[in-house]
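Me: I have a model open and want to go through it piece by piece. Can you take my questions as they come?

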Amino acid sequence: MKLILSLYAALHALTAFAFAAAAVVLIVVAGHAGFVAVMQGIGISAAEAVIEAVGLLAAAVVALQISQTVLEEEVVRDAHIGAPTRVRRFLSRFMVVIVVAVAVEGLVAIFKAREKPELMLYGAALLSAVGLLMAGWGVFIRLNRYAEELEPEAMAEAKSEDVKLKE
């Protein structure tokens, strides 16, 4: 069984590396797009290209956060998600970056809607989705808190695993 768990840890590390590599590529592409936009002159089209680059950077942040979370939770801590505290912490890390990424994409769509009004509905839907995600996340945290109160030892165990990250 230890061999199988080691294999999973190695696969998680490989997946984390792939997410980090994708983030680096997105950062390079965003930097190139922003540079090209500015070199073509300062104007509305340059601003829209820079806003598009910001959307790519938001995707890069999401990829980096996923990489870091997978690495910390599955490789360094070797945590197996089961306790309510662990689930809340794991999902909250993802939700932060997802909400930010969707919000940035919604703002990009709103800016693009100046030239293409049909995109306004898309941008509004994305920003509405941010609100729904935040509300759902809040409900989840509230309900999860009650479950954590039933298992205080799980909270203590999750906090003790944080020491592994400081070593």
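Me: Which residues make the nonpolar surface patch of about 450 Å²?
Reply: Met1, Ile4, Leu5 and Tyr8 make that patch. Patches are made of residues with over 30% relative accessible area and no salt bridge, with like charges joined within 9 Å and nonpolar side chains (Val, Leu, Ile, Met, Phe, Trp, Tyr) within 5 Å. Areas come from the Shrake-Rupley method with a 1.4 Å probe, and for residues only the protein chains shown count as cover. A salt bridge is a side-chain nitrogen of Lys or Arg within 4 Å of a carboxyl oxygen of Asp or Glu.

Me: What sort of model and numbering is this?
Reply: It is a predicted model, where local features need pLDDT of at least 70, side-chain atom pairs count only at pLDDT 80 or more, and totals for chains, interfaces and linings use all residues. Residues are numbered from 1 along each chain as its sequence is written, and side-chain values use heavy atoms, with hydrogens and water left out.

Me: Back to Met1. Buried or exposed?
Reply: Exposed, because its relative accessible area is 73%; the cut-offs are under 20% for buried and over 50% for exposed, with partly exposed in between (1.4 Å probe, protein chains only). Met1 lies in the segment before α1 (2-39). Helices (H or I, at least four residues) and strands (E, at least two) are DSSP runs, numbered from the N terminus.

Me: Which helix do the buried residues of α1 pack against?
Reply: They pack against α2. Ala16, Ala23, Ala30, Gly34 and Ala37 are buried in α1. Just after α1, Gly41 has a positive phi of about 120°.

Me: What is in the largest nonpolar core?
Reply: Seven residues: Ala16, Val62, Ile66, Val70, Phe90, Phe94 and Val97. A nonpolar core is a set of buried Ala, Val, Leu, Ile, Met, Phe, Trp, Tyr and Cys residues joined through side-chain atoms within 4.5 Å.

Me: And what does Thr69 touch?
Reply: Leaving aside neighbours within four places in sequence, Thr69 is in contact (heavy atoms within 4.5 Å) with Glu74, Phe90, Arg93 and Phe94. Thr69 is in α2 (residues 44-76) and counts as buried because its relative accessibility is 0%.
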